[in-house]
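Subject: Structure handover

Hello,

Here is the structure we talked about. Please open it alongside this note; what I found follows below.

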Amino acid sequence: AEALGAFHEAASQVERLAAGPYRDRQAVQIAIAQAVPLIIAGRINEARDRLIEQADRVERLSDPRLSADYYFFLAHSHDHLADHAAAERNALRALEEALRSGDRLPQGRAHYQLATGCFWTGRYAQGAGHGVEGASLLEGTDEHFFLGLNLWILGHNLAVLGELDRAEEAGRRAEALGGAHDDPRLQCYGLLCRGWVLAMRGEGEAGLHLCRSGLELAPDPFAQAVARGYLGYAHLQRQESTLAASHF
């Protein structure tokens with residue numbers, strides 16, 4: 001909430017600047033920076049709309065690195081609204097711009113977004129391919145947050161393909177990354193991925209334990225809701241329908 005207040009003030013100040021490339025760049029960068037906190041706060045439509053408002057500025061600036069960030073976060077917003085076609089369209093544009101920029105970080109994030117879209121639309125092998133590529137590109141950069149999310153979705157694609165050992169290892173790596181960077185969200189998501197895999201494997205008690213641990217670490221209502229979904233699944237795998245329904 002504090003971050004969003006500061007961004008709101010920054011956006012109002014930017015519009016007082018003289019028209020031109022500097023004002024355009026600052027306005028786009030603020031819209032990009034707002035996207036994740038707006039999504040976490042549940043204001044997903046607002047994140048998408050604020051980005052869409054900057055489309056003309058992005059095209060005028062014609063900066064492939066800035067464009068790669070812009071189209072990635074626009075895809076990320078559409079993904080959270082389950083508009084899979086728009087998410088994939090913008091993720092592909094993000095990858096195109098990232099390749100033009102020659103920067104591996106935005107390339108890795110674009111592959112993460114494509115891996116996510118493939119998971120939601122049932123293209124698990126393709127999603128795993130994007131996840132492996134995304135992890136390879138993001139490792140060695142300073143982008144730990146989306147590297148962790150990339151490992152999380154890689155684990156999901158692998159799990160549905162039946163590669164449960166590799167899936168659990170991806171979740172373990174996401175959890176470790178969260179611990180190394182003191183990021184409870186990544187620790188939470190890594191634990192949930194691992195708990196989901198163990199529940200699928202029939203190791204119900206161990207799966208429940210990891211999902212409960214993930215819920216305890218969930219830093220906000222958004223992450224708590226995600227965690228309760230996993231916990232419900234773990235109970236369902238143990239034939240505990242009443243407990244599962246309470247979490248769902």
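Glu88 and Arg123 form a salt bridge, with their closest N and O atoms 3.0 Å apart. Glu88 sits in helix 6 (residues 84-101) and Arg123 in the loop between helix 7 and helix 8, so the pair ties together parts that are 35 residues apart in sequence. Glu88 is partly exposed, at 27% relative accessibility. Arg123 is partly exposed too, with a relative accessible area of 27%. Keep in mind that this is a predicted model. Across the whole structure, the search finds 26 salt bridges.

Another one joins Glu143 to Arg109, with 3.1 Å between the closest N and O atoms. Glu143 lies in the loop between helix 8 and helix 9, and Arg109 lies in helix 7, so this pair ties together parts 34 residues apart in sequence. Are these two residues buried or exposed? Both Glu143 and Arg109 are buried. For Glu143 the relative accessible area is 14%, which is under the 20% cut-off for buried. Beyond its neighbours within four places in sequence, Glu143 contacts Leu105, Arg109 and Leu138.

Glu203 and Arg201 also meet through their side chains, in a salt bridge of 3.8 Å, N to O. Glu203 counts as partly exposed at 34% relative accessibility. Arg201 is partly exposed at 29%. This pair belongs to a network: salt bridges with shared partners join Asp165, Glu168, Arg172, Glu175, Arg194, Arg201 and Glu203.

Now helix 8 (124-138). Its 15 residues should span 21 Å at 1.5 Å a residue, and the end C-alpha atoms are 20 Å apart, which agrees. Its buried residues are Gly127, Ala128, His130, Gly131, Gly134, Ala135, Leu137 and Leu138. They pack against helix 7 (104-120) and helix 9. Just after the helix, Gly140 takes a positive phi of about 90°.

Last, the aromatics. There are eleven aromatic pairs. Phe72 and Phe73 are one of them: the ring centres are 4.9 Å apart and the planes stand at 75°, so the pair is edge-to-face. Both residues, Phe72 and Phe73, are buried. Trp152 and Tyr189 make a tilted pair, 5.2 Å centre to centre with 35° between the planes. That pair links distant parts of the chain, with Trp152 in helix 9 and Tyr189 in helix 11 (residues 184-201), 37 residues apart. Trp152 and Tyr189 are both buried. One aromatic cluster is made up of Phe72, Phe73, Tyr112, Phe145 and Phe146.

Best wishes

Conventions: Residues numbered from 1 in each chain as written. Predicted model: local features only at pLDDT ≥ 70, side-chain atom pairs only at ≥ 80, totals over all residues. Heavy atoms only, no water. Helix = DSSP H or I, 4+ residues; strand = E, 2+ residues; numbered from the N terminus. Buried < 20%, exposed > 50% of the residue type's maximum accessible area, 1.4 Å probe, protein only. Contact = heavy atoms within 4.5 Å. Phe/Tyr/Trp six-rings, centres within 6.5 Å; stacked < 30°, edge-to-face > 60°. Expected span 1.5 Å × (residues − 1). Salt bridge = Lys/Arg side-chain N within 4 Å of Asp/Glu carboxyl O.
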